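Subject: The model we talked about

Hi,

Here is the structure I promised to send over. Have a look at it first, and then read on for what I found in it.

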There are 2 protein chains.
Amino acid sequence: MDALVQAMLNSDRRALARLLTAVENKREGADTALAALFPRTGRAWIIGVTGAPGTGKSSLVNALAKTFRAAGKTVGIVAVDPTSPFSGGAIMGDRIRMRDLAGDRGVFIRSMATRGSLGGLARATRDVIRVLDAAGFEIIFVETVGAGQSEVDIARAAQTTIVVEAPGLGDDVQAIKAGILEIADVLVVNKADRPGADNTARALKAMLEMGHPTARADLIAHHGRLLPVENLAGPTDAPLWIPPVVSTIAPENSGIGDLVSALEAHRRYLIETQALDGLERQHIEIELHDRLQAELMARLLKAVSGEVFADVIHRIQTRELAPQSAVDMILSLHNQSC
Amino acid sequence: MDALVQAMLNSDRRALARLLTAVENKREGADTALAALFPRTGRAWIIGVTGAPGTGKSSLVNALAKTFRAAGKTVGIVAVDPTSPFSGGAIMGDRIRMRDLAGDRGVFIRSMATRGSLGGLARATRDVIRVLDAAGFEIIFVETVGAGQSEVDIARAAQTTIVVEAPGLGDDVQAIKAGILEIADVLVVNKADRPGADNTARALKAMLEMGHPTARADLIAHHGRLLPVENLAGPTDAPLWIPPVVSTIAPENSGIGDLVSALEAHRRYLIETQALDGLERQHIEIELHDRLQAELMARLLKAVSGEVFADVIHRIQTRELAPQSAVDMILSLHNQSC
């Protein structure tokens, strides 16, 4: 694993790919490698891109990647697909990218698909981003299909989040999903040559005006915190960021320049108001919370036998024991052994 | 709180409403009340109803409730809305219900809206269902807007899950959201008088045929378990349940009889194959996991001071300390104090 890390740091792309696989699958030594790479992280600009299927997220990321490459920036792309065994993966979008970006050593693309827990996917995504960050990629796109919790998880990992809509997907004012506007730093109406694009843009702007500007902060503030929320609030005199709405037609490169400007404006906002600092602190706090929780559970599961759990579950099912009392019982057993 | 529980058990509806509020807001004594009511639970048939906004879930639940009432069953309705401050709540659906079901003492409707964490909402929903179960309601509908994690949380609480689709919402084969088919026991194409309804039904049936029948089991199996997955697998010779697709027009009561038959067939399947027993055991296991995790974290946060957390977060942010090492450090501090 040590040799892999060294080769990766010497820009060996095969070593990078193998390290990412090791990290994604939590192979032995992956955690040590991540800890060793950690001091080299924190330099990349992480941009989350989310939206419903059919909004053209992949083409948009592709167009953005090409524009940033033309400006001399290196780009990593992490395409996360919390795949349904019914609906298949994000293979289509990857093919488009392969054609356009293949052979460019300044771009690295990684697809992550999963069955299994959302929590595990969020953890793996965070680790993959971190490796790409340590490898020196300057801009990292994290693309996910918009499905509730995964959007919130992006907001937890990204510094700038793009929410992509498209006309004609039934995304009228009523149908825009709860929770999606709160995480948007920049809203994109892609496929803007389709009928209804102006209506979609107008509806988004109207909803932004109706919404409370602190909604995003509220959303994140209640989740996985270790410190009282007040401790982490930014300076109250900082100006608020109002998400702009940008119309694009990704395959024609239309509107991509405006979108890049909007992204750069958000980046400047984060740096000038020191919000970037607060955001990073918040991400670290949430990560620490999740890691502590996972480790506490792992230790408990190691210390308490499967027979005890099976017996307790049986007694709850027969209504002998309330779940509340079961928790106290198991934890007092556990404490005796510690 | 004791008096409230007694009044509730004597069919006092105002006491029931107040107890639900206490439970939802985790007021003092709520946990004790829940523990006292626990032996009276486990009798209701819990039916989850989920789908995108605009599919007519509320009208459908309304029509189902009237049909079950006509057959002499008492009905509880829990309408859960993980509300966006932008999109507002499910007030519309409730108004329709109030008009149709008002004054019927065999029906109790409870709306739950929230800002804040999804985990907290899942906990509160479980507790509210339990109180209605203890109060003697025979069928409890749990209605949520379809948004990723909340659907999985329904699958965790319900015995039978209805997924509602409607034509014309852009829900073509590609757009049907990842993860939604896995949790469906019965699929409904509502608003079946709209153009495209036959296509929607056909697309759903085609996707069901393509999909692997154990997908649902996989989805749930990886989440929040205490025991090895094998321990909880049902008898392997039990026939699989193939979700039927039912077309309805809820306001005209069209197809509701077929839907009730499909629901009852699923209920019989659960009982005859003993899958109901395994499902309940699984729900209990997941609840116990979540409660243990929450309690372990609560104890840790009580034992370790905010200053320690703030200092550790700072040292991670400056890259002095890797998150992996921080966890070990904090837990060894914690263990010294136990």
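A residue is called buried here if 20 or more other C-beta atoms lie within 10 Å of its own, and exposed if 12 or fewer do. By that rule, the buried residues of α12(B) are Phe309(B), Val312(B), Ile313(B) and Ile316(B). Looking down the axis of α12(B), these buried residues fall within an arc of 100°, so they line one face of the helix. Glu307(B) and Asp311(B), on the other side of α12(B), are exposed. The length of this helix fits too: the 12 residues of α12 (residues 306-317) of chain B should span 16 Å at 1.5 Å a residue, and the end C-alpha atoms are 16 Å apart. After α12(B) comes Arg319(B), with a positive phi near 65°.

Please keep in mind that this is a predicted model. The predictor gives the complex an ipTM of 0.87 and a pTM of 0.82. For chain A, the mean pLDDT is 83, with 78% of the residues at 70 or more. Where in chain A is confidence lowest, and where is it highest? The lowest is helix α9 (residues 215-221), with a mean of 47, and the highest is α10(A), at 97. Two stretches of chain A call for care. Over residues 84-91 of chain A the pLDDT is below 50, and this stretch has 23 contacts in the model beyond near neighbours in sequence. The pLDDT is also below 50 over residues 171-175 of chain A, a stretch with 13 such contacts. Where pLDDT is low, the predicted coordinates should not be read in detail.

Now for the overall layout of chain A. Its secondary structure comes to 13 helices and 7 strands. The chain is divided into domain 1 (1-38), domain 2 (41-278) and domain 3 (304-336). Between domain 1 and domain 3 of chain A, the C-alpha centres lie 41 Å apart. Of the 338 residues of chain A, 46% count as buried. Among contacts in chain A with a separation of 6 or more, 78% are between residues 24 or more positions apart.

What about the inside? The largest nonpolar core has 72 residues, and those with the most contacts inside it are Val78(A), Ile140(A), Phe141(A) and Val142(A). Helix α6 (residues 118-134) of chain A gives the most to this core, with 8 residues. At least three residues of the core come from each of domain 1 (1-38) and domain 2 (41-278) of chain A.

Which of its residues are buried? They are Ile256(A), Leu259(A), Ala262(A), Leu263(A), His266(A) and Leu270(A). Seen down the axis of α10(A), they fall within an arc of 120°, so they line one face of the helix. The elements that cover them include the strands β1 (45-51), β5 (160-165), β6 (186-189) and β7 (245-247), along with the helices α4 (57-70) and α11 (275-303), of chain A. On the other side of α10(A), the exposed residues are Gly257(A), Ser261(A), Glu264(A), Arg268(A), Ile271(A) and Glu272(A). Just after the helix, Gln274(A) takes a positive phi of about 60°.

One more residue to look at is Leu204(A), in helix α8 (residues 197-210) of chain A. Leu204(A) counts as buried because it has 23 C-beta neighbours inside 10 Å. Beyond its neighbours within four places in sequence, Leu204(A) is in contact with Glu165(A), Leu187(A), Val189(A) and Val245(A). Its C-alpha atom is separated by 9.6 Å from that of Val188(A), 16 residues away along the chain.

Happy to go through any of this with you at the screen.

Best wishes

Note on methods. Residues numbered from 1 in each chain as written. Chains lettered and ligands numbered in written order. Predicted model: local features only at pLDDT ≥ 70, side-chain atom pairs only at ≥ 80, totals over all residues. Helix = DSSP H or I, 4+ residues; strand = E, 2+ residues; numbered from the N terminus. Arc of directions from axis to C-beta. Contact = placed C-beta atoms within 7 Å. Domains from an automatic or database assignment. Core = buried A, V, L, I, M, F, W, Y, C linked by C-beta atoms within 7 Å. pLDDT = per-residue confidence, 0-100. Expected span 1.5 Å × (residues − 1).
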